[in-house]
Amino acid sequence: MFLGLVHISSVGVHIIIMAIDKNTMRSNFNKQIQLILMNKREDNNAFLSASDYSRVIQQVKKSKKSLNTVGEKKTTKDYRVIRKYDILVMNGKEHLIRPIDEKNVVLYYATIDEFFDILYDTHCAIGHGGRNRMVSELKNNYCNITNETIMVFLKLCAECHKKTVCSKIGLAPKPQTHPT
């Protein structure tokens with residue numbers, strides 16, 4: 001999505017980009033994410049709403065309890081949930097994480113509501129870096145932020161559009177002198 005003005009003068013065409021405030025950018029981002037969600041399967045696990053996030057935390061607790069209790073029936077779903085999710089409690093708040101492996105890296109699951117703030121903060125912290133820099137930065141902390149989500153965000157960043165827009169349309173060529 002490109003928001004801007006085109007100014008035509010005797011020198012040429014100049015594209016002036018209007019600054020988009022953070023709230024407008026957030027609402028446009030959320031609209032785009034909702035459009036993506038409408039085309040995804042219902043059991044898509046990359047995009048967790050706040051209610052799904054809470055439901056998964058409750059399911060992890062239930063599955064851990066049933067797997068640790070002798071005599072209680074254990075289901076394949078319990079094993080699958082424990083293999084995919086774990087809970088980390090920090091400052092009294094429960095966070096959904098990927099189970100910690102031998103690398104001892106904690107990767108968080110983020111809700112859809114948190115996506116924009118995470119992407120915005122990361123993008124600004126790396127100096128408005130592109131997709132590859134964002135992916136490498138985000139994969140150190142989060143496990144469910146997809147390339148598709150990053151690209152939606154980058155298309156809305158006005159600062160990045162300022163960097164890429166260099167219109168040379170309408171510039172007159174330098175005069176050449178021909179010997180007679």
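The following exercises, with worked solutions, concern the predicted model of one protein chain.

Residues are numbered from 1 along each chain as its sequence is written. In this predicted model local features need pLDDT of at least 70, side-chain atom pairs count only at pLDDT 80 or more, and totals for chains, interfaces and linings use all residues, while side-chain values use heavy atoms, with hydrogens and water left out.

**Exercise 1. Overall description**

Task: State how many helices and strands the protein chain has, and give their order from the N terminus.

Solution. Step 1: helices (H or I, at least four residues) and strands (E, at least two) are taken as DSSP runs, numbered from the N terminus. Step 2: on this basis the protein chain has seven helices and four strands. Step 3: the order from the N terminus is β-β-α-α-α-β-β-α-α-α-α. Step 4: buried means under 20% relative accessible area, exposed over 50%, and partly exposed in between (1.4 Å probe, protein chains only). By that criterion 29% of the 180 residues of the protein chain count as buried. Step 5: a contact requires heavy atoms within 4.5 Å. Among contacts between residues at least 6 apart in sequence, 56% join residues at least 24 apart.

**Exercise 2. Two helix pairs**

Task: Characterise the packing of α2 with α3 and of α1 with α6.

Solution. Step 1: two packed helices are described by the angle between their axes and the distance between the axes. Axes are lines fitted to C-alpha atoms, for helices over the stretch in contact, with angles from 0 to 180 degrees between N-to-C directions.

Step 1: the axes of α2 (residues 50–68) and α3 (residues 76–84) come within 9 Å and cross at roughly 120°. A crossing is left-handed if the near helix is turned anticlockwise from the far one by less than a right angle, and right-handed if clockwise; that of α2 and α3 is left-handed. On the α2 side the contact involves Gln59, Val60, Lys62, Ser63, Lys64, Ser66 and Leu67, which meet Lys77, Asp78, Tyr79, Val81 and Ile82 of α3. These residues divide into five nonpolar, three polar and four charged. In this classification Ala, Val, Leu, Ile, Met, Phe, Trp, Tyr, Cys and Pro are nonpolar, Asp, Glu, Lys and Arg are charged, and the others, Gly among them, are polar.

Step 2: α1 and α6 pack at about 145°, with axes 10 Å apart, and their crossing is right-handed. Met25, Asn28, Phe29, Gln32, Ile33 and Ile36 of α1 meet Glu148, Thr149, Val152, Phe153 and Leu156 of α6. The contact of α1 with α6 has seven nonpolar, three polar and one charged residues.

**Exercise 3. The nonpolar cores**

Task: Identify which residues touch the most other members of the largest nonpolar core.

Solution. Step 1: a nonpolar core is a set of buried Ala, Val, Leu, Ile, Met, Phe, Trp, Tyr and Cys residues joined through side-chain atoms within 4.5 Å. Step 2: the largest core has 22 residues, and Phe29, Leu119, Met134, Leu138, Ile145, Ile150 and Phe153 touch the most other members. Step 3: the elements giving two or more residues to this core are α1 (22–39), α4 (112–125), α5 (131–138) and α6 (147–156). Step 4: a second, separate core of 12 residues includes Val81, Leu96, Leu107 and Cys143. Step 5: with neighbours within four places in sequence left aside, Ile150 is in contact with Leu119, Arg131, Met134, Val135, Leu138 and Ile145.

**Exercise 4. Individual residues**

Task: Is glutamine 59 buried or exposed, and which residues does it touch?

Solution. Step 1: glutamine 59 lies in α2 and counts as buried because its relative accessibility is 17%. Step 2: not counting residues up to four places away in sequence, glutamine 59 touches Lys77, Asp78 and Val81.

Solution. Step 3: arginine 131 and phenylalanine 153 are 22 residues apart along the chain, and their C-alpha atoms are separated by 9.6 Å.

Task: What is the phi of asparagine 91, and what is that of histidine 128?

Solution. Step 1: most residues other than glycine have a negative phi. Step 2: asparagine 91 has a positive phi near 50°; this residue is in the loop between β3 (86–90) and β4 (93–97) and counts as exposed because its relative accessibility is 84%. Step 3: histidine 128, also not a glycine, has a positive phi of about 60° and is found in the loop between α4 and α5.
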